[in-house]
Amino acid sequence: MIIFVFSKIIIMDISRNYHLEDKVEYIIALVNEFAKTYGLSDAQAWRYMKRYDGVRLLDEQYGFMHTQSFSDVVADMALFMNRKGGKL
């Protein structure tokens with residue numbers, strides 16, 4: 001869905017009415033925080049989170065997760081990905 005507002009294009013996540021830009025910025029910030037917490041590069045953290053469904057979880061649960069602290073979400077993500085086979 002594309003909404004035109006004062007000649008600026010705002011892209012919305014159709015399923016939940018979140019601005020896609022906000023969601024993407026949150027996911028990037030969380031990947032950076034995950035990388036910092038576990039001593040990984042941003043690219044390594046992204047690949048790890050993608051491999052063990054962390055990115056999918058962030059995408060699907062954004063509405064809830066963005067209301068929590070980064071430290072809580074990073075800890076919860078680590079537990080989730082551990083259950084999926086991750087070893088961090």
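How many aromatic pairs does the count come to? The count comes to 5 aromatic pairs. Keep in mind as you look around that this is a predicted model.

## Two aromatic pairs

Phe 34 and Tyr 48 make a stacked pair, with 5.9 Å between the centres and 20° between the planes. Here Phe 34 comes from helix α1 and Tyr 48 from helix α2, so the pair ties together parts that are 14 residues apart in sequence. Phe 34 and Tyr 48 are both buried. They also take part in one aromatic cluster, made up of Phe 34, Tyr 38, Tyr 48 and Tyr 52.

Met 49 is worth a visit in the viewer. Setting aside residues up to four places away in sequence, Met 49 touches Val 31, Phe 34, Gly 54, Val 55, Leu 58, Met 77 and Met 81.

## A closer look at Met 81

Met 81 sits in helix α5, which covers residues 70–83. Is Met 81 buried or exposed? With a relative accessible area of 0%, Met 81 falls under the 20% cut-off and therefore counts as buried.

Which residues does Met 81 contact, leaving aside its neighbours within four places in sequence? They are Phe 34, Tyr 48, Met 49, Tyr 52, Gly 54 and Gly 86. Among these, Tyr 52 is 29 residues from Met 81 along the chain, yet their C-alpha atoms are separated by 5.3 Å. Tyr 52 is also a member of the aromatic cluster, as are Phe 34 and Tyr 48.

## A nonpolar patch on the surface

Finally, the outside. Leu 20, Val 24 and Ile 28 form a nonpolar patch on the surface, and together they have about 240 Å² of accessible area. Leu 20 lies in helix α1. Because its relative accessibility is 35%, between the 20% and 50% cut-offs, Leu 20 counts as partly exposed.

How values were computed:
Residues numbered from 1 in each chain as written. Predicted model: local features only at pLDDT ≥ 70, side-chain atom pairs only at ≥ 80, totals over all residues. Heavy atoms only, no water. Helix = DSSP H or I, 4+ residues; strand = E, 2+ residues; numbered from the N terminus. Buried < 20%, exposed > 50% of the residue type's maximum accessible area, 1.4 Å probe, protein only. Contact = heavy atoms within 4.5 Å. Patch = residues over 30% accessible without salt bridge, like charges linked within 9 Å, V, L, I, M, F, W, Y side chains within 5 Å. Areas by Shrake-Rupley, 256 points an atom, 1.4 Å probe, with all protein chains shown as cover. Salt bridge = Lys/Arg side-chain N within 4 Å of Asp/Glu carboxyl O. Phe/Tyr/Trp six-rings, centres within 6.5 Å; stacked < 30°, edge-to-face > 60°.
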